[in-house]
Amino acid sequence: MFVYEHSISVQVSAEKIWGLYMDVKAWNCWDESLESARCVGGLAPGAEGVMVLKDGMKLPFTIAECEKPVKFTARACLGAVTVNFGHLLQHSDGDTKITHTVTVEGDDDKMLEGIGRGISADIPQSMQRLARLGENNEAV
C-alpha cells in the first residue's frame, strides 16, 4: 500500500474551501493535472463521476464518504488497484487546516509506489491554488 498526506493551514474559512470542493466542474481550476471533472449527484456517498486527466486518461470515481463541510473521499477502482483521494478540513482559531491524502492499494507494492508518487506529485501546488482561490474569494 502507498500512503501520502499533505497539510497546509490557511486563513480561509472551511466553508469557502468546501464551496470549492462542491464545484466539481471547477476542480481543474485548482488541480492542474485535471482537464475536467464531473460528478452526478454532487459530493454525496455513492455519487459517481469522472476525472479527465491532462493526458486524456479518464478516471471514473465514486464518492466513498462525505461529511459536509468537513471531509470527503473519492475512490477510483482501476482493476486490481484502488486509489482513495481524501480531503479533510479542520477549523480552529480563525485558521483552516486542509489535509489531502492519497492511498493506493493493490498487490504489487513497487507498482503502487510508482502510481502513488505520480498521483501525489502535484498535491502541494494544487492545495496552494485551492487556498488562493478561497483567499481571493474568486468565483470559479
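Among contacts (heavy atoms within 4.5 Å) in the chain between residues at least 6 apart in sequence, 46% join residues at least 24 apart. The structure is a predicted model, in which local features need pLDDT of at least 70 and side-chain atom pairs count only at pLDDT 80 or more, while totals for chains, interfaces and linings use all residues. Residues are numbered from 1 along each chain as its sequence is written, and side-chain values use heavy atoms, with hydrogens and water left out.

The chain contains three helices and seven strands, taken as DSSP runs (helices: H or I, at least four residues; strands: E, at least two) numbered from the N terminus. Their order along the sequence is β-α-β-β-β-β-β-β-α-α. The radius of gyration, taken over C-alpha atoms, is 14 Å, close to the 14 Å that the globule rule (2.2 Å times the number of residues to the power 0.38) gives for 140 residues, so the chain is as compact as a globular protein of that length. The C-alpha trace spans about 45 × 25 × 25 Å along its principal axes. Of the 140 residues, 40% count as buried, that is, under 20% relative accessible area with a 1.4 Å probe and protein chains only.

Two or more lining residues come from each of β3 (48–53), β5 (71–78), β6 (81–92), β7 (95–105), α2 (109–120) and α3 (123–135). Strand β6 gives the largest share, four residues.

Seven aromatic pairs were counted, a pair being rings of Phe, Tyr and Trp (its six-membered ring) with centres within 6.5 Å; planes under 30 degrees apart count as stacked, over 60 as edge-to-face and the rest as tilted. Tyr 21 and Phe 72 form an edge-to-face pair, at 5.2 Å centre to centre and 70° between the planes. This pair links distant parts of the chain, with Tyr 21 in helix α1 (residues 14–22) and Phe 72 in strand β5, 51 residues apart. Both residues are buried.

Notes:
Buried means under 20% relative accessible area, exposed over 50%, partly exposed in between (1.4 Å probe, protein chains only).
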